Amino acid sequence: MERISAWTPLVAPLGQFRYGTVAGGVAPTPLKAEWLNMIQNELANFILAYLPKLDAEDNTQFLKAIQAFGERFPQKATTLAAYGILDAYTKTEDDWLLSKKANNAITLAGYGIGDAYTKLAINAFVSDLQGAIDNLAKNKQDKNTALMAATGWRLDSATGLLEQWGSGECGPDSTTAAIDFPRPFAEVYNCFGNKVTANPIDNDGNAAGAFAVSATQYKIFNDTGAFSATVHWRAIGKAPGF
């Protein structure tokens, strides 16, 4: 398409037609066959794009072509296909795809999730771990299981073996009242003592010692007739809870 100014310079500004004046010596814009043929071909080509052929007896062909154009391109499409959209799912396709998924699943399996642990699996793992920790705590050799003092004790937490020691005074030819062990036994295996204040004048020698009277108490005895005795004692047994 082009204006008449493409074929003649006798035009008004912007390539418009002009009347011209004889008195003023201005020639009118001539009608060029080239321009008329261009207009004719533009109209004919538009009509032939939508109608099968030109018809000299039908003066509504241009109107019919415009109507056909409008029908081919509706002003308000209601489907993806009407707009020529091919890279989107329709509502029907969306519904079908969603129907393959759980509407309201309450489990990992319901959503097809296979790379996560369930609550039951995690609880089982935690329970097994706690069991291993408890077993380790039960069987391991604990630290700080001794009272390191003149009167003290040592506990083997792996076996329950409890060893205790101490010292005490006992008058001549006597036995003390019951004395508490530093910590109670469940069972006493052995309890004994030695006099550490030997006296050469005393003919009874080392006739002094200690013995358990229960799982929680012991006594010190001294059979020497004239002198008090200092006795170091030791007891071995099983601690409670083993």
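**Briefing: strands and aromatic rings**

Gly160 takes a positive phi near 90° in the hairpin of β2 and β3, which has four residues between the strands. This is a predicted model: local features need pLDDT of at least 70, side-chain atom pairs count only at pLDDT 80 or more, and totals for chains, interfaces and linings use all residues. Residues are numbered from 1 along each chain as its sequence is written, and side-chain values use heavy atoms, without hydrogens and water.

**Strands**
- Strands (E, at least two residues) and helices (H or I, at least four) are DSSP runs, numbered from the N terminus.
- Strand β2 (residues 152-156) pairs with β3 in the antiparallel sense over five bridges; pairing needs at least two DSSP bridges between two strands.
- Leu155 has Leu162 in β3 as its bridge partner.
- β3 also pairs with strand β9 (residues 229-238), antiparallel over ten bridges.
- Glu163 stands opposite Ile236 in β9.
- Strand β3 (residues 161-170) is largely enclosed by the rest of the structure, because seven of its ten residues are buried (under 20% relative accessible area; exposed is over 50%, partly exposed in between; 1.4 Å probe, protein chains only).

**Aromatic rings**
- Rings of Phe, Tyr and Trp (its six-membered ring) pair if their centres lie within 6.5 Å; planes under 30 degrees apart are stacked, over 60 edge-to-face, the rest tilted.
- By this rule there are ten aromatic pairs.
- One of them, Phe46 with Phe62, is tilted: 5.5 Å centre to centre, 50° between the planes.
- This pair links distant parts of the chain, 16 residues apart: Phe46 lies in helix α1 (residues 33-50), Phe62 in helix α2 (residues 61-72).
- Phe46 is partly exposed at 26% relative accessibility, and Phe62 is partly exposed at 37%.
- Phe46, Tyr50, Phe62 and Phe69 form one aromatic cluster.
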